[in-house]
Amino acid sequence: MKGQNPIVRVAVHMLPDLEATQTVTFMSINQYLPEESAVDVFSTFYSGRLSLEKLDLARREIVSFSLPECQWLELSMTEMPVLDHSYLERIFLAQLQADLAKGYSAANFEKMIADLLLVEGLNPLLAKLYIACFGKHMFHPKGPASVRREMLSVMHELQKGGTVSEETVVRYEVLCQQWDILKMMFAKAGAAPKQMVERLIERVRTIAALEQEVFDMMRKQVKVG
């Protein structure tokens with residue numbers, strides 16, 4: 001019926017690029033596309049297009065969380081939030097505060113450097129393939145460079161509201177530029193991967209230091225806890 005979208009409960013780890021998220025969520029089925037055997041969906045964790053097969057697998061997988069595969073649920077929306085700037089800012093700040101409270105970790109950068117050092121022990125063909133895998137990650141729509149560009153847009157909005165300083169935004173812009181440079185370095189590294197390892201590692205270390213700097217600046221300006 002028009003205006004009434006079906007709601008299903010699904011296992012989040014069965015959705016695209018969310019394999020590590022072990023929880024369940026409710027998902028709205030917005031549009032059925034019979035010619036593609038797919039549906040357009042919306043949820044807190046994922047919004048986009050899913051094949052009917054993928055949707056069914058995600059729905060059935062809720063049994064792994066000790067939930068019944070099928071049940072009747074009655075949902076009641078008592079208050080609809082107004083999606084204005086202040087509401088979205090509150091939602092973002094709550095998540096940002098939680099992330100900052102966890103503290104900064106350089107483990108991912110240390111692992112990245114260790115992985116890059118492995119290139120030196122590979123034969124030329126494997127070295128090219130290895131670097132190509134890194135490059136695909138860098139150019140992914142949800143890769144580190146793209147995600148930080150999205151974050152930069154949010155930072156500009158937070159600056160307008162006085163949450164973060166102009167200096168912090170400027171340093172974050174520098175960080176984004178460094179990620180963009182690293183991305184392009186990976187794109188060019190395939191021609192001579194072993195010769196590029198040292199330069200790639202140097203750039204990663206520069207980025208790691210900037211990440212730490214920006215994290216510390218934001219932690220001082222955003223109230224945590």
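Is S37 buried, partly exposed or exposed? At 40% relative accessibility, S37 counts as partly exposed, where buried means under 20% relative accessible area, exposed over 50% and partly exposed in between (1.4 Å probe, protein chains only). The model is a predicted one, in which local features need pLDDT of at least 70 and side-chain atom pairs count only at pLDDT 80 or more, while totals for chains, interfaces and linings use all residues. Residues are numbered from 1 along each chain as its sequence is written, and side-chain values use heavy atoms, with hydrogens and water left out.

**Nonpolar cores**

- The largest nonpolar core has 39 residues, of which L96, L116, Y172, W179, L182, F186 and L200 touch the most other members; such a core is a set of buried Ala, Val, Leu, Ile, Met, Phe, Trp, Tyr and Cys residues joined through side-chain atoms within 4.5 Å.
- At least two residues of this core come from each of α2 (85-101), α3 (107-117), α4, α5 (144-160), α6 (166-189) and α7 (193-221); helices (H or I, at least four residues) and strands (E, at least two) are DSSP runs, numbered from the N terminus.
- Helix α7 gives the largest share of this core, eleven residues.
- Leaving aside residues up to four places away in sequence, L200 touches L116, I131, L182, M185, F186 and A189, contact being heavy atoms within 4.5 Å.
- Another core, of twelve residues, lies apart from the largest one and includes V10, M27, V39 and A58.

**Salt bridges**

- Ten salt bridges are found in the whole structure, each being a side-chain nitrogen of Lys or Arg within 4 Å of a carboxyl oxygen of Asp or Glu.
- R49 and E36 meet through their side chains in a salt bridge (3.3 Å, N to O). This pair links distant parts of the chain, 13 residues apart, with R49 in strand β4 (residues 48-51) and E36 in the loop between β2 and β3.
- Both partners are partly exposed: R49 has a relative accessible area of 41%, and E36 has one of 44%.
- D56 forms a salt bridge with R60, their closest N and O atoms being 2.8 Å apart. Both residues lie in helix α1 (residues 52-60), four residues apart, about one turn of the helix.
- D56 is partly exposed at 27% relative accessibility, as is R60 with a relative accessible area of 39%.
- A further salt bridge joins the side chains of R171 and E213 (2.8 Å, N to O). R171 lies in helix α6 and E213 in helix α7, so this pair ties together parts that are 42 residues apart in sequence.
- R171 counts as partly exposed at 25% relative accessibility, and E213 is partly exposed with a relative accessible area of 30%.

**Backbone at two loop residues**

- S37 is not a glycine, yet has a positive phi of about 50°. This residue is placed in the loop between β2 and β3 (38-42).
- D17, also a residue other than glycine, has a positive phi near 60°. D17 lies in the loop between β1 (7-11) and β2 (24-33) and is exposed, with a relative accessible area of 56%.
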